Amino acid sequence: MKQIWKKLAIPFLLILFFLLDGIFSEAFSSTLHTADYYMTPRLIVILLAMLAFFLPRRQMMIYAILFGLFYDIYYTDILGLHIALFPVIVYINEKMKNLLSASAFVIGMMLIINISLLESGLYLFYRTVPRFSLNMDVSQFLSVRLGPTLMLNIVLFIILYYPIRKMIDKTTQHTARNF
Amino acid sequence: MRQFISNKKLLILLVSVIICVGLIGFSIRDKDETPIIQQIGKDVSAVTNNVLGAPIRGVTNFFKSIDDIKNTYNENEKLKEQLDKLTENQVKLAGIQAENEQLRQQLALNETLRDYTSINGVVISRNPDGWVDKVIVNRGSKDGVAKDMAVMANGGMIGRITEVSMTSSTVQLLTSGGATNRISVETKGEDGQAVFGVVHGLEDKEENKGKNDQLLMKQLSTNSKAKVGEKVTTSGLGGVFPKGLVVGEITEVKMDSFGLAQEAYIKPAANTNDISSVSIIQRTVESGE
């Protein structure tokens, strides 16, 4: 029984965080979306970025592609967007885990890079495709979208780091250098 | 010298780029129906979402109701005032309705553009990155929802259905921009004549700064001048929505950048940041397509 729970804990948490992103933006939409800023909760990215430091590469790639696909199907309705960006994030973090130690500070820094990459990628996509007729310029994107989103997710990361780390330590025999 | 990227990696990268671009091209075009694989994915997500979202919704509703209690006194005062007017209006309305019915029978008009049936649903999720503003509703094709139906909430129109699966459907909000996101509306001009136009989501331009929560009505017919404070409703001419759904109220009228037609800013009647339950509107009159 315990063995099964250990196997299922991480997929279950991924599913939970994937859905919580949408549920939170619905429940707190008047707080998150105002005229001056637009914050995007990225719980699934926080979890993927953290897991990439501890789980084997093959498994992480499958998770990233699977949840990228579901993100596209359920939320954005444009297949091929998050399905491409999530594996990139996981790949970068996976490369970094050999060079850096998996401490909270390092993962937090990587998360800032990851989320900036994701948001900029999405911005570039919606900006280039004329169908969406988006006219937001770069400075507006930085102040309205990227800044507040980074802030929200760093706060979420600080709150969630310890419990997620505890869970990873309990359910996996990871090989990362940690202290 | 070692190669920077091995051939195998390069091949994988190329293939995945081609697949992704292909997928984007495939899903970005106009389609009448959501692809079956996407429908299945949506159903799976929506069912799990319903189960997991229920306790969270319960908690947020509890806090919202506490908020409501705080405003009860003020609201009560206002409502009492409105109530006095209401009875008067009701009597008038009953008379007019009866008369309307009679006149319609004389003309043998059974269905008008105004008639509709509605399906009630609950918002279960929202697109976290609002590049395209979307909410997900727990009613799907098994409840009779179809693509392009109008969606009402908080006493105004908030958007239209863009994707339908069996147990859920996606609503694109009016406030999100996009070339395909426009609806045909009408309002009353200064001399009482109807003025027609098309509502767009607001673009992030310099001239629109500080009006992020508003909509823009473009291509106004020029026979009469639009009036500030007048209600804007759907015209029923687009072929999908019924006539007479409230969209919002005009806050500002100006000439467009070419000086040829009028444009008007509209404050939406429904607050799109606080939607919990919606009704999906189905027009009774079949569009002649």
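## A charged patch, a paired strand and salt bridges

A positive surface patch is formed by A:Lys2, A:Lys6, A:Lys166 and A:Lys170. Helix H1 (2-27) and helix H7 (138-171) of chain A are the elements that give two or more residues to this positive patch. This is a predicted model, in which local features need pLDDT of at least 70 and side-chain atom pairs count only at pLDDT 80 or more, while totals for chains, interfaces and linings use all residues. Residues are numbered from 1 along each chain as its sequence is written, chains are lettered from A and ligands numbered from 1 in the order in which they are written, and side-chain values use heavy atoms, with hydrogens and water left out.

- Patch residues have over 30% relative accessible area and no salt bridge; like charges are joined within 9 Å, and nonpolar side chains (Val, Leu, Ile, Met, Phe, Trp, Tyr) within 5 Å.
- Lys and Arg count as positive and Asp and Glu as negative, with His and the chain ends not counted; the place of a charge is NZ of Lys, CZ of Arg, CG of Asp or CD of Glu.
- A:Lys170 sits in helix H7 of chain A and counts as exposed, at 61% relative accessibility.
- Buried means under 20% relative accessible area, exposed over 50%, and partly exposed in between (1.4 Å probe, protein chains only); the areas come from the Shrake-Rupley method.

**Chain B and its strand E12**

- Chain B has three helices and 12 strands; helices (H or I, at least four residues) and strands (E, at least two) are DSSP runs, numbered from the N terminus.
- The C-alpha trace of chain B spans about 90 × 50 × 45 Å along its principal axes, and buried residues make up 40% of its 289 residues.
- Strand E12 (residues 277-283) of chain B is mostly covered, with five of its seven residues buried.
- Strand E1 (residues 116-126) of chain B runs antiparallel to E12(B), and seven bridges join them; two strands pair if DSSP finds at least two bridges between them.
- Here B:Ile119 stands opposite B:Ile280 in E12(B).
- Strand E3 (residues 150-153) of chain B is also antiparallel to E12(B), joined by three bridges, and B:Met152 has B:Ser279 of E12(B) as its bridge partner.

**Salt bridges**

- A:Asp77 forms a salt bridge with B:Lys42, their closest N and O atoms being 2.8 Å apart.
- That pair crosses between chains, from A:Asp77 in the loop between helix H4 (57-76) and helix H5 (82-96) of chain A to B:Lys42 in helix H2 (residues 36-70) of chain B.
- A:Asp77 is buried, with a relative accessible area of 2%, and B:Lys42 counts as buried at 2% relative accessibility.
- B:Asp143 forms a salt bridge with B:Lys142, the closest N and O atoms being 3.6 Å apart; B:Asp143 counts as partly exposed at 28%, whereas B:Lys142 counts as exposed at 55%.
- B:Lys243 forms a salt bridge with B:Glu186, with 3.2 Å between the closest N and O atoms.
- B:Lys243 lies in the loop between strand E9 (231-234) and strand E10 (246-255) of chain B and B:Glu186 in strand E6 (residues 182-188) of chain B, so this pair ties together parts 57 residues apart in sequence.
- B:Lys243 is partly exposed at 24% relative accessibility, while B:Glu186 is buried at 13%.
- Salt bridges that share partners also join A:Arg42, A:Glu119 and B:Asp129 into one network.

Conventions:
Areas by Shrake-Rupley, 256 points an atom, 1.4 Å probe, with all protein chains shown as cover. Salt bridge = Lys/Arg side-chain N within 4 Å of Asp/Glu carboxyl O.
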